[in-house]
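Work through the exercises below with the sequence and the 3D structure at hand. Try each task before reading its solution.

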Amino acid sequence: MIVVYFILLVGVLIFVHELGHFLFAKLFDVKVLKFSLGFGPKATGFHRGETEYCVGWLPLGGFVKMLGEDPNDEIRREDQGRAFHQKPLWQRYIVVFAGPAFNLIFPIFIYVVFFAAHTTLLPAVIGKSFRGQPAAEAGLLPGDTIVEINGKKVRYWEDLKRQISGHPSESLKFRIERDGKTFERFITPREHVRQHPLGYKERYGLVGISPYFELAQIGISDPRSPAARARLQTGDLITSVNGHPVERWADLAKRLRRNRGQALNVSYLRPGGTVSGFFDLHLLAPAVAVVDPTPTIVAGSIKGYQTGIHSAEFFVQHVERDSPAWTIGMRSGDRVVAFNGKPVTHWELIELELRSRRSQKGGGHTIRWIPFGGTETSGKFKLARKTFTDEYKQEQVRYVFGAHNRLLTKSADPIPIEGRIGYAISESVRKTGEIVGVMTVAFVQLFRGAISSDTIGGPVMLAYTAHVAAKKGWDHFLWMMAVISINLGIINLLPIPILDGGHIMFFTFEAIKRRPLSLRAREIASYIGLFLLISLMVFALKNDLVRYLFTK
C-alpha cells in the first residue's frame, strides 16, 4: 500500500501543479502540445484536440509542453502568435507562476473541508484568571466574557487568543461583559519569548487567562491532617460539602476559608482504573467522608481552621525516570510550593517559564516542594535536551523537566459557529498563509544553517510519510497533502534554472534589459540548474537511505 499512497499523494499534487500551467496557457491561447503526469516512457494516454494527455512510468514529476518552449520548435503559419515565446511577457509570467500558485492555493480547499466540519467553538469566557498577571491586575474574573478588543468583535476563544498573542507590550482596549453589564479595561499583554522549532525566537503576548477552570480536585500532603484521617487522597474530586454542590476549586476553597470548625460532610469521586486502552477514560468511584477541621492557634488564640486540603494543581502526578525532576528527588505526590524563588500560584506559569527559558541561558531553575509526609526541600536543575525519532522517522528535540501534574478542568459550553461557510473559508486562508510563512522561514533557516540539512528528504521520505499519514486516517493524509503542496509550491519558486522560479528569474531579466537573455546564456544557466537539482536529489536520496534503511 505504501506505493499506492505515494502515487496518490504525488499524482494529485503534480496534477494540481501542471493544471495551473495548462489552464492559463489555454486562457492565453498558447498551443499546448502535451500534458504529462510522470516522466519517462508513456504508460497510457490519449489525444484530444491539439493536445496529447499521458501518464509516464516515473511518477516523480510532470510537465506541460507548450509550442515555442523549445527554440528548435517549428512554428507553422497557422500557429503564428500561439507559441509561448511569442506571447507578451506578462502572460508568460502568469503561465509559469500559475503552477506554484495552484500548489499554494490548493490547501485552502482541503482546509475548508476540515473547518466546515466544525459546528461549535469555545466562547471567549474566562475560566481562570492567573493571580499577578495583567488580566487579574486589571480586575478580570472567572466567568467574564470578552466581547471586544480595540473595537473588534470577539466571539470565540481562538479570536481572543490570537488578538492577545499578536500584540505583546501593546495596550489593548478590552470590552468585558459581567452579570449583564459591560465595562472597559486597558490591558497590556506581557511579552514572552520562546524558541521556535525552526531555530528563531518568537515573541508573543499573554495576559494570564485560560478558558479552563480547575474542578474541585484536591491534594493531600500531610498524612496527619484531618483530610488524610478522613481517608481523602490526592486526586479525589469533591462534588459537595454539607449538601451544597461544589464544581470549581474556587468554590471549595471559599467554603474551606469560611469554615469555623464545623465538621464537613464531603461527597467525592475517586479516580479508578481506565475503562479502555483506546480512550483516556477513567472510572470515578463515589464515596463520602467527614472532615473535622483542627484549629490553628497562634499566641493562645484561634486564628483559623485547617483541613489539610490543597488544590491538586500543585501536586505532582507523575515523574519521568532519569529526568531532571527525578534526579533532584521529586516523586509522585509531592506538592510544589515555590519556583525560581516565587510562591507557586498556577502550574501553567511554571510551564510557561520553562518554555520561555528552555535555552538554559539563564543558568537553570530552582524549585521547592513538600513530599507526602515529609518536610519542605529544594533542588536546582536545568532542562534536559533529549532527541527522539517521531513516527515519521524524523529526529525531534524536546526539553524535559520531567514532573507533571494531572488536573481535571472544564470550560464554558461551546457555542455555535456563526456563518460556518464564511468561517471555514477565512480560517482556511489564514491557515494556508500561516503555513506558507512557516515554510518560507524554514527554507531561509535551512540556507542559513540554522536547520540541519539532514532534514531534507526525497521520494522515500515522501512515500513513508504518505504511508504513515494514511494509516492514521484520511484526515491526516489530506492534512499532510496540504503541507507538502505548499512545500512543493515554494520549492518551484526558487530562482533555480529549469524550475518555475528560474523561468520567472529569466523573465525578470528580460523585463529589466527589455530583451530576452541570449540562448547561450539560458543554456548555461539551465545546465547549472540541472546540476544543482540533481545534486540536491542525490543528497536527499542519501538522507532517505540513512533515515529509513540504515537505522533501526
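A salt bridge is a side-chain nitrogen of Lys or Arg within 4 Å of a carboxyl oxygen of Asp or Glu. The model used here is predicted.

**Exercise 1.** Describe the interface of domain 3 and domain 4, including how many salt bridges cross it.

Solution. Start with the bounds: domain 3 covers 221-308, and domain 4 covers 314-406. Next, take the contacts: 6 residues of domain 3 touch 6 residues of domain 4. The size of an interface is often given as the accessible area lost when the parts come together. For domain 3 and domain 4 this buried area is about 540 Å², with 57% of it from carbon and sulfur atoms. Finally, apply the salt-bridge rule across the interface: it finds 0.

**Exercise 2.** Classify the ring pair of Y93 and F507, and state whether each residue is buried, partly exposed or exposed.

Solution. The ring centres are 5.7 Å apart, and pairing requires them to lie within 6.5 Å. The planes stand at 75°, and over 60 degrees counts as edge-to-face, so Y93 and F507 form an edge-to-face pair. Now locate them: Y93 is in helix α2 (residues 89-116) and F507 in helix α12 (residues 500-513), 414 residues apart in the chain. For exposure, buried means under 20% relative accessible area. F507 has 7%, so F507 is buried. Y93 has 25%, so Y93 is partly exposed.

**Exercise 3.** Which arginines lie over the faces of Y204 and W326?

Solution. Over Y204 lies R194, at 3.9 Å from the ring centre. Over W326 lies R331, at 3.6 Å from the ring centre.

How values were computed: Residues are numbered from 1 along each chain as its sequence is written. This is a predicted model: local features need pLDDT of at least 70, side-chain atom pairs count only at pLDDT 80 or more; totals for chains, interfaces and linings use all residues. Side-chain values use heavy atoms; hydrogens and water are left out. Rings of Phe, Tyr and Trp (its six-membered ring) pair if their centres lie within 6.5 Å; planes under 30 degrees apart count as stacked, over 60 as edge-to-face and the rest as tilted. Helices (H or I, at least four residues) and strands (E, at least two) are DSSP runs, numbered from the N terminus. Buried means under 20% relative accessible area, exposed over 50%, partly exposed in between (1.4 Å probe, protein chains only). A charge sits over a ring if NZ of Lys or CZ of Arg is within 6 Å of the ring centre and within 35 degrees of the ring normal. Domain bounds come from an automatic or database domain assignment. Contact means heavy atoms within 4.5 Å. Buried area is the accessible area (1.4 Å probe) that two parts lose on being put together, summed over both.
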